[in-house]
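This briefing is intended for a reader new to the structure shown below.

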Amino acid sequence: MNVLTRMWKREWPLHMMLLPGLILVLIFCYYPMAGIMMAFQKYIPNKGLFGSPFIGMKNFQLLIEYPDIGRVFLNTIYIAVMKIIAGLIVPITIAILLNELRKEWVKRTFQTLVYLPHFLSWVLLSGILVDILSPSSGIMNQFLSIFGIKPIFFLGDNAWFPYVMVISDVWKEFGFGTIVYLAALTGINPSLYEAAEIDGAGRFKQILNVTLPGMMPIIILMLTLNIGNVLNAGFEQIFNLYSPPVYESADIIDTFVYRMGVQQAQFGFATAVGLLKSIVSFIFISVSYVLAYRIANYRIF
Amino acid sequence: MRRKSKALLILLFVLSMALTACGGTKEEAQKPAEPAKEQTQTTETPKENEVIEVSTVSQSDPYLKFDEGESFDKNAVYDQYEKDLGVKITNKWIADVTQFKEKLKMTIASNDIPDLMLVSATQLKELTEADMIMDITDVYDKNATEDTKKFLTMDGGMQMKTATIDGKLMGIPSSYNPYNFQYLYVRTDWLKKLNLPEPKTMQDVLTIAEAFKTKDPGGTGKPYGIAVSKEPFKVDTGVTGLRAFLNGYHAYENLWMEDASGNLVNSDIQPQVKDALKALQDMFKKGLIDPEFAVKDTEKEAELLYNNNVGLVFGASWTPAQLVKGAVKDGKVVQEWGVYPIPSIDGSPTLNQIGIGVDDYYVISKQAKNPEGVIRLLNQWIVVDNTMTPTDEQKIYLYGKDKKEKGNNYWLLSPLRVGKQLDNNGEILPKAIETKDPSLLQTADQKGRYERAMKFIDGSDINMWWEPLISGPNGAVSHNPKILQNKEYLQNKFYGAPTPTMADRQEILLKKRDEIYFKIIMNQVSVDEFDKFVGEWKKLGGDDITKEVNEWYASHK
């Protein structure tokens, strides 16, 4: 008891310093969470959160009854998982390759160039993609025709659409990931490489036995954070690129919620889906956190 | 001692931070409630000369070009309203066309609506149920002039009826003439070049489309038969749509019509649609339709028209205003277009599908202090917009402070605009333009159109090429008298707010429909998938909706 009071006496100003941040978090992060109630209401704006009638689980029931809901979930997970995997492999590979470059300016130029698309919006990019991938006049198909491949309607074909989404998303975002992994690489102790060289390890062996293990904590951190996105397949991108013929492979939870919630003004329903997504994401993050600890003995928090 | 004062200082700092944070949010939270408070203080009796304020939200428009030094905050039109009516107009926010509707939904959802705003039929019902808008029956009755009341009931009171919920007038219909038909536009220079007859039947249309494809009269190397864009069934798609094509096959897009026994049925699942889709699929197979139409919006698809790839398109009467971008180049007319009524696939004439002439409503917030100000704006707009000989003051409403037409479209600044529910442009304009006789003209709209057409005809402004194609002797509206006389149109029989099942299920039904229609057109599935869709449509709530619509119909007969 004495220890505690003494500690408190000494440290209470420090605790007080936490207060402003804490209050802001309460106001902007926890207070709005009351809005979750909307998931169980038929929300009427004028009556607000406390005046709108409660309808129990009807919003969730409507979601389950929606005939295509299985397909919508599958599309979401399929596209999102592919994005997570590709979004992990590509930047790591590029980062390692860049790290092997000797000329500093080549490295920096390349790094900047691949980072640029990250700043473009999907509204803009979708216009460009429609042109590039056009079966009649796009460069992509003109290039393919050199090899005698018939024009492919990438954005209008269910077999291609998800992959186009994954590839274009990776192209847009891998520069950002590369920077993160490059930062992780600079943290590896150079003496490890020297030791490996003395042991007779070639370049490839060095990557395998020094570089990759050295990056592992960051890789696991990024993976764990990304797994929370398993139900986010990228609304902005898909919304700007999909069309009725590819609904079958392109309709994801977010586009569905957009059409139902925003266009048809079913706020309660949209909140219900959002809540469901949050719950699933939370479960995924928790599981990956535990796995990361068990398998790689790594804790994020 | 020193430590204590340090601690105190920190505490003070923390408290002040916390207090300002709290203060900020509290203020914000109180804002929406404010008008209500003031309302009780200043209700009723706005004195004659007192300036009253009406807040609204506005849509910025690329065609609206402000005079120097003017903006949505301050401009000649608002000043004139304030001067003439004592109504000061303020904007809560301004958004461009693409974002306006979304922003409006957010405004409603956050319960922070302006005094006056333009909403959809669905929102009208929601806002009424949510008790956010005012019952304006009395305000309208007291403040609207006789002329205004006459103006808004020219169609026999149908449109006003749609704004009336449970006997209470909840909004002012943003009225327009419902007899807005679609037409077929064809490159007549190409018809001549290839020695083709004018399109009289749907079969002719297919023949022409095929000839345009195989003979490539534009010489582009990439010809197509007909221009179609990515939302061909939407009512908003005024050019490059396919609704008119459906109509030619006696099929209609999401329209409630009577069947043989007098019950309402939805047009989307009728067998005629299958015929139309079959025809479109055949056209697609022959390469007459741009294979990428599903990802191209109107403007992008219209480039094919501008660049001589396509010479056939369905569209509203104003389509020439779009075509002009390709038809007039460097001060010369380089494309000749003709306009024809929608042909029919068989002997019976095509019925143009039309609505009731109102999609949106002007509503007044329940919190509004000065609802009578809104009605005054309405009265004034009707006077200004319909006078044939505007006074100098009235010209300001249309053209701004220098009172001269210079294409700045200042009429877009008026916050409340209603259009005529009936017009006889089709009877008057072609005759007047042909005989160059302005004495025949009856309305301000006709006068404006006549003057524009004359500018093209006498050669003073070649960019007015589009107006004669709309209003001239062989223009779009010249076909209207015959269509009206023979009743070659079909009006949607359901004009209520969405029924409960509609609210839940409309989205999926339309999505399913678009998906299957597109796939059939693009030859990804057989046309027989349509029958499967009909079954699915009924099962997924279509039958329930039909039942509800018929209950509504029975009570509104």
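In chain B, the mean position of the 70 positive charges and that of the 82 negative charges lie 4 Å apart. Lys and Arg count as positive and Asp and Glu as negative, while His and the chain ends are not counted; each charge is placed at NZ of Lys, CZ of Arg, CG of Asp or CD of Glu. This is a predicted model, in which local features need pLDDT of at least 70, side-chain atom pairs count only at pLDDT 80 or more, and totals for chains, interfaces and linings use all residues. Residues are numbered from 1 along each chain as its sequence is written, chains are lettered from A and ligands numbered from 1 in the order in which they are written, and side-chain values use heavy atoms, leaving out hydrogens and water.

**Fold of chain B**
- Chain B has 22 helices and 16 strands (DSSP runs of H or I with at least four residues, and of E with at least two, numbered from the N terminus).
- Chain B is as compact as a globular protein of 557 residues, because its radius of gyration, 27 Å, is close to the 24 Å of the globule rule (taken over C-alpha atoms; the rule is 2.2 Å times the number of residues to the power 0.38).

**Burial and surface of chain B**
- Of the 557 residues in chain B, 52% are buried (under 20% relative accessible area, 1.4 Å probe, protein chains only).
- Carbon and sulfur atoms hold 52% of the accessible surface of chain B, which is about 26,100 Å² (Shrake-Rupley method, 1.4 Å probe).

**Thr211(A)**
- Thr211(A) lies in helix 10 of chain A, residues 203-227, and is buried at a relative accessible area of 1%.

Terms used:
Buried means under 20% relative accessible area, exposed over 50%, partly exposed in between (1.4 Å probe, protein chains only).
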